[in-house]
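Thanks for taking a look at this one with me. Here are a few points to read alongside the model.

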Amino acid sequence: VPDQNMSRDRFPFPYQPYDIQEQFMQSLYSALDQGKVGIFESPTGTGKSLSLICGALSWLSDYEERRRQEAAALLQEGEAALSVSTAQSSTPSSSAEPDWITDFVQKKAERDLVTKLKSCEDDEAFKLLQLSKEDQSETQGDQEDEELIIAEYESDDESKSKSSEIFGCSQIYYCSRTHSQLAQFVHEVQKSPFSKDISLVTLGSRQNLCINEEVRRLGSIQRINDRCMEMQKNKHEKQHHEEGVKRKRGPAKSVCPYNKALALQQMRDEVLGTVHDIEQLLKLGRETHSCPYYATRLAIPPAQLVVLPYQMVLHEATRKATGVQLKGQVLIIDEAHNLSDTLSCIHSAELTGTQLCRAHSQLSQYADRYKSRLKAKNLMYIKQILFVIEGLVRVLGGKVGQNPQIFLFLLGTEMLTINNFLFKAQIDNINLFKVLQKYFEKSMISRKVSVRMYSSINASFRHFASADQQGSVEAEKVLSASPMMQVEGFFMALTNSNTDGRVVVHRQGTLSEGSVKFLLLNPAVHFAQVLKECRAVIIAGGTMQPVSDFKQELLFSAGVGDERIAEFSCGHVIPPENILPLVLCSGPSGQELDFTFQNRDSPRMMDETGRILSNICNVVPGGVVCFFPSYEYSRQIISHWEANGALARLANKKKIFQEPKKANQVEQVLSEFSRCIQRCALDSSGLTGALLFSVVGGKMSEGINFSDDLGRCVVMVGMPYPNIKSPELQEKMSYMDKHLPHSGGRSPGQALIENLCMKAVNQSIGRAIRHRGDYSSIVLCDRRYSRPATLSKLPTWIKDRTSTYTNFGPAFAALRKVRIKSKPVLVHVGKEGASSRISNISMLKLIREAATTKISGRALA
Ligand code: SF4
């Protein structure tokens with residue numbers, strides 16, 4: 001951390017920022033400068049991404065400038081000292097050492113300082129030097145066992161982490177949950193005033209970045225990885241052959257034409273010169289015939305802004321494999337409302353009986369085939385891995401070598417601590433740390449086995465079944481997941497400390513259906529390393545409530561002190577009258593709304609919910625989105641409405657849409673929903689818009705915008721509590737009760753349940769208001785929402801405007817008023833019967849529509 005803190009009054013911004021954006025950038029700037037862990041909350045639609053970009057990049061450019069000035073000043077001092085000492089070298093020394101020794105030591109120290117500072121001045125040159133070293137080491141490869149080069153498995157290069165110690169922070173890593181969120185971020189950078197000066201690289205998997213059509217066609221990520229690496233192995237063998245090493249017999253093996261050092265370096269430079277999103281990277285790769293996946297990897301060290309998915313930065317092994325060096329750098333974690341779950345998920349691992357059997361068979365075949373070429377030590381490690389796999393199969397009630405489909409009599413689920421699991425599987429005598437470090441990591445055995453299996457299966461299909469469609473389907477099945485990689489992940493999970501995780505053993509009817517699953521209970525252990533290494537970490541989200549629980553679980557438990565934490569939270573930019581959140585405690589017929597498990601199935605509750613929706617659809621124009629707490633309840637209530645006619649009555653007012661079963665149909669349903677709303681605003685069908693049934697935590701509750709007319713009202717039916725009977729959740733609750741402090745009369749386990757529920761609610765209701773001019777009402781149907789502890793978990797800008805209604809009448813009156821507040825414009829389109837009342841925002845759509853239809857221009861004027 002620099003001695004004197006920097007600050008800034010104004011930030012480059014593409015337009016006049018809102019006040020809250022200014023405040024956001026100020027706070028972000030000082031959090032980065034002071035090396036804090038910042039929790040930044042800014043509702044969706046308030047321009048959070050731009051504030052993050054302009055705040056963080058302003059700080060980085062000021063910081064680099066200051067480092068340059070400091071270095072220049074030191075360089076001057078050093079050079080001055082050097083010239084003085086050279087001039088004095090003729091004066092006799094008073095020390096006991098011979099003069100020439102004192103002189104030599106002094107001069108060397110001074111020269112070293114000057115050299116260091118000079119190289120610091122030429123930061124770019126240093127980085128390029130690093131890169132060329134990496135390129136060399138890549139081509140030299142690891143020849144210990146079978147000659148397989150895997151560029152992404154470079155070991156942690158000490159010199160790289162030292163660079164940040166010498167030169168300070170030079171990079172910002174930005175990560176988010178989905179690729180579309182990352183793409184949106186990159187587009188915002190492109191629109192920002194920094195787009196011309198910043199060197200940015202977006203990272204992705206081979207599935208996202210491969211341009212070799214033959215490989216892309218393989219579809220699954222594992223198969224793409226394996227095929228790519230098989231081709232690299234071929235390339236390496238070819239190089240050996242060219243260098244005079246005798247090639248084995250057999251047909252020539254293919255190599256990837258896009259993986260050539262010079263082209264990759266050229267592409268790396270182009271990537272760093274202009275901001276590209278993934279699509280643009282693919283286009284550039286195709287134009288220049290170089291692989292975007294490897295070119296972007298090469299661009300990591302010199303880039304100032306690295307944009308990447310969570311997994312690549314939050315998982316240590318993936319971080320190492322990707323070449324991400326966090327030491328001394330800044331990390332921004334966006335959309336972090338579920339960070340704790342995300343960390344648990346990333347570090348959990350599951351193995352099915354089928355995968356165990358396949359891994360055992362593949363590894364045995366590998367060992368047999370290369371027995372004569374493997375060193376004795378490595379053979380010993382392979383035997384240990386096979387022994388552990390046998391133990392895991394035994395725990396599931398099966399036996400290696402036996403048909404995994406035959407029926408087993410041992411059924412049930414068991415939750416074990418890591419140590420108990422190791423005893424039960426009788427593998428407690430194996431040092432898993434050693435196996436992992438000495439063999440899995442060093443020899444990359446999982447990759448090798450996968451690649452070997454891929455090669456041999458490919459070869460056999462080439463020889464015997466190349467034209468056989470059935471054959472390739474079979475091959476696909478075999479290759480769909482690389483079991484050795486899964487085994488490695490599971491081994492790694494078992495090296496967690498005994499208290500931090502559990503192993504869930506599911507014994508099913510057959511061995512192949514059974515599974516062992518590692519559950520991480522303490523995500524802070526894996527986050528601690530990130531927090532320790534980074535200069536500053538910014539955890540940002542639309543809503544981070546409840547911050548206190550978040551701090552306790554992820555920061556204090558990871559050893560971060562209160563003094564290192566900075567918090568920022570801001571309201572929304574919309575005027576207060578544009579949002580009407582209300583808690584509804586009873587329905588139109590006076591039925592109390594209590595969607596607890598015991599009451600929600602009663603016909604009276606379901607009838608009352610139908611009446612509420614019907615009333616809402618009568619007065620709310622455009623789109624209404626109704627969220628149910630689970631798929632099961634949504635099915636039940638909709639079929640109840642189908643039977644009692646409520647659904648038909650709703651359909652008279654709005655066209656009904658339902659969340660699709662498959663994720664790939666979401667886009668289509670959304671565009672039909674949106675088209676229907678636009679059409680209804682113009683036609684004379686009598687429909688006032690559309691109604692969408694969705695499920696909390698489902699395919700439409702995150703990452704989808706119901707802005708403007710798409711969501712004029714969001715209805716939340718009941719409270720989406722997680723399934724408390726789940727053994728995994730129960731284990732997590734008891735872990736938290738044991739290890740975290742109790743506060744406010746609630747146990748941390750109870751708080752977890754409430755938090756999970758309210759986080760899901762916040763995500764769903766946050767879909768509606770997306771920009772300054774947007775407006776919507778939010779109807780929370782359940783009297784339990786009125787409890788102060790529950791209300792306090794709503795985002796502040798919603799909570800402050802929420803009213804609780806014990807009776808339906810006044811709530812309905814308030815809902816009607818929203819429509820009046822939205823100032824609809826009465827537009828006569830000059831055609832009998834075709835007049836519509838529409839909002840200002842729909843007006844724009846209408847004008848656009850008018851340009852292509854025969855709507856009277858005079859009426860529009
Ligand atoms: S080197 Fe790049 S383009 Fe070639 S197969 Fe691998 S990922 Fe695809």
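How many nonpolar, polar and charged residues does the shell around the ligand have?

1. The shell has eight nonpolar, two polar and one charged residues. Here Ala, Val, Leu, Ile, Met, Phe, Trp, Tyr, Cys and Pro count as nonpolar, Asp, Glu, Lys and Arg as charged, and the others, Gly among them, as polar. Surrounding the ligand (a heavy atom within 4 Å) are R206, C210, I211, N212, V215, C228, M231, C256, N259, C291 and Y294.

2. A word on the source: this is a predicted model, in which local features need pLDDT of at least 70 and side-chain atom pairs count only at pLDDT 80 or more, while totals for chains, interfaces and linings use all residues. Numbering runs from 1 along each chain as its sequence is written, and side-chain values use heavy atoms, with hydrogens and water left out.

3. Do look at helix 6, residues 179-191 (helices are DSSP runs of H or I, at least four residues, and strands of E, at least two, numbered from the N terminus). Its buried residues are Q181, L182, F185, V186 and V189 (buried is under 20% relative accessible area, exposed over 50%, partly exposed in between, with a 1.4 Å probe and protein chains only). The face turned away from that buried side carries the exposed Q184 and K191.

4. Two loop residues deserve a glance. H289, between helix 11 (278-288) and helix 12 (292-298), has a positive phi near 55 degrees. E335, between strand 5 (330-333) and helix 15 (339-347), has a positive phi of about 50 degrees and is partly exposed at 21%.

Notes:
The expected span of a helix is 1.5 Å times one less than its number of residues.
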